[in-house]
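The structure is shown here for reference.

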Amino acid sequence: LQSDPSLERNFKGHKDSVTCVDINCNMKQIATGSKDSCVMIWNMKPQMRSYRLAGHKDAVTCVHFSPSGHLVASASRDKTVRLWVPSLKAESTSFRAHIGTVRSVNFSADGQSLVTASDDKTIKVWTVHRQKFLFSLSQHINWVRCAKFSPDGRLIVSSSDDKTVKLWDRNSRECVHSFYEHAGYANHVEFHPSGTCIAAASTDNSVKVWDIRTHKMLQHYPVHSGAVNSLSFHPSGNFLITAANDSTLKIMDLLEGKLLYTLHGHQGPASCVAFSRTGEYFASGGNDDQVTSASRVHPNRIFISRGSPSPSAKNILKQYIFFFPLLFVQTCSVAEVSNTTEWHTVSHPHNPGPSSHNKTAHSQSIRAPSIHQPPPQARASSPEHQAQTQTSDGGVSSALSSTLERIVNQLDILTQTVSILEQRLTLTEDKLKECLENQVDIVQQQQLHSQG
């Protein structure tokens, strides 16, 4: 690292909590979504105007730029997904993706496909062109919080309130493995840039890294004091950043298996964080009470920018942009100060790693692009252990347990039936759309022929 991470800019404009963030590959735009039902496109250059994209009828839960940067996909509680052209015209197309809140949307690396996750317990894959429904994955038994493509597009990873993280084969459409979260569920899950492991941000205040080949847990970071809402791998694969309800961002060194930095400054829960495609910047969003402005902090120097908050500063949401240089590590602490809030970058140069804080937590160095084999004692939880943890200490009768299990199975069957019906309806709508387009073409050809 050339210097400690430092506050570069902040933005205000949303009228409610910022829920999601992504940075365009061109490094000129940042997209955010909010509970105010809007998507904002922020320009990195101060003289360039930002755009408010209105169209969703409820909270925006996820935003993601296409690999080319020419499109932004947004998911919403209104059960739809929108594809936007990030420009002043705010052109968009919308499609009803699920029968429940859409929690996540993600482009494949080739930009040709979308994967969505929903409270209807399903994951769906679509084409970007014409938003054609391809197939559905439906083995989760509770809300699905997140779904992401692997870097090569062959796999999909998903996390759910059923306390599992599932790995899916895109071609066979089968679940190839389930990782079990015993103490909580994963809010967010993401592939390592090498595609050989995944990281999950959990409500048990920790982050876990699993090897998808051996299905073993490589690293466990119980570093937060609140639920972890979001995480992002650095493009090099050497760093991982997290955002949590304890109002902090934390950067882990995956090579050393230790906490590297803690960033303080959000006045409420930090809901989202993302590295830029180049790794030079990262952005975070949350619900803050005050509005501040700060400039870049250079090595061993602190710049202070003072400004008074506006009268409506309460609950104005901001987007924080950081500079993350990548040459050498500097261990001094740097603080960003203003008259309304204080940003602290706390370095942890002698942090012995997560395993020193928790003897059951295992840590191993990750060398991009490959992952070392995990230590023998590192283990992912088994389904049998999951069943044991779900057994009541009060001694629930076997008959009642059996009855509840049958009810759950019937509900799962009902959910799958509804999902199948919705798939058929979607296919019917696609066919109807094609028929209408063909009719329009035929009418136009007849008109041209009659004019000729």
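In this predicted model, an open sheet is built from 4 strands that follow one another in the order E10-E11-E12-E13, with antiparallel pairing. Strand E10 (102-107) and strand E13 (133-137) have a single partner strand each and stand at the edges, so one side of each lacks a neighbour in the sheet. On average, and with direction ignored, neighbouring strands of this sheet are turned by 20 degrees against each other. Within the sheet, strand E12 (residues 123-127) runs antiparallel to E13 and is joined to E13 by 4 bridges; Ile123, for its part, has Leu137 in E13 as its bridge partner.

The largest nonpolar core comprises 16 residues, and those with the most contacts inside this core are Ala199, Val207, Tyr221, Leu231, Leu240 and Met252. At least two residues of the core come from each of the strands E19 (197-202), E20 (207-211), E21 (217-221), E22 (228-233) and E23 (239-244). When residues up to four places away in sequence are left out, Met252 touches Tyr221, Val223, Asn238, Phe239, Leu240, Thr242, Lys258, Leu259 and Leu260.

As to confidence, the chain has an average pLDDT of 78, and 74% of the residues score at least 70.

| Stretch | pLDDT | Contacts beyond near neighbours in sequence |
|---|---|---|
| residues 289-321 | under 50 | 117 contacts |
| residues 323-341 | below 50 | 82 contacts |

Where pLDDT is low, predicted coordinates should not be read in detail.

Notes
Residues are numbered from 1 along each chain as its sequence is written. This is a predicted model: local features need pLDDT of at least 70, side-chain atom pairs count only at pLDDT 80 or more; totals for chains, interfaces and linings use all residues. Side-chain values use heavy atoms; hydrogens and water are left out. Two strands pair if DSSP finds at least two bridges between them. Axes are lines fitted to C-alpha atoms, for helices over the stretch in contact, and angles run from 0 to 180 degrees between N-to-C directions. A nonpolar core is a set of buried Ala, Val, Leu, Ile, Met, Phe, Trp, Tyr and Cys residues joined through side-chain atoms within 4.5 Å. Buried means under 20% relative accessible area, exposed over 50%, partly exposed in between (1.4 Å probe, protein chains only). Contact means heavy atoms within 4.5 Å. pLDDT is the predictor's confidence in each residue, from 0 to 100.
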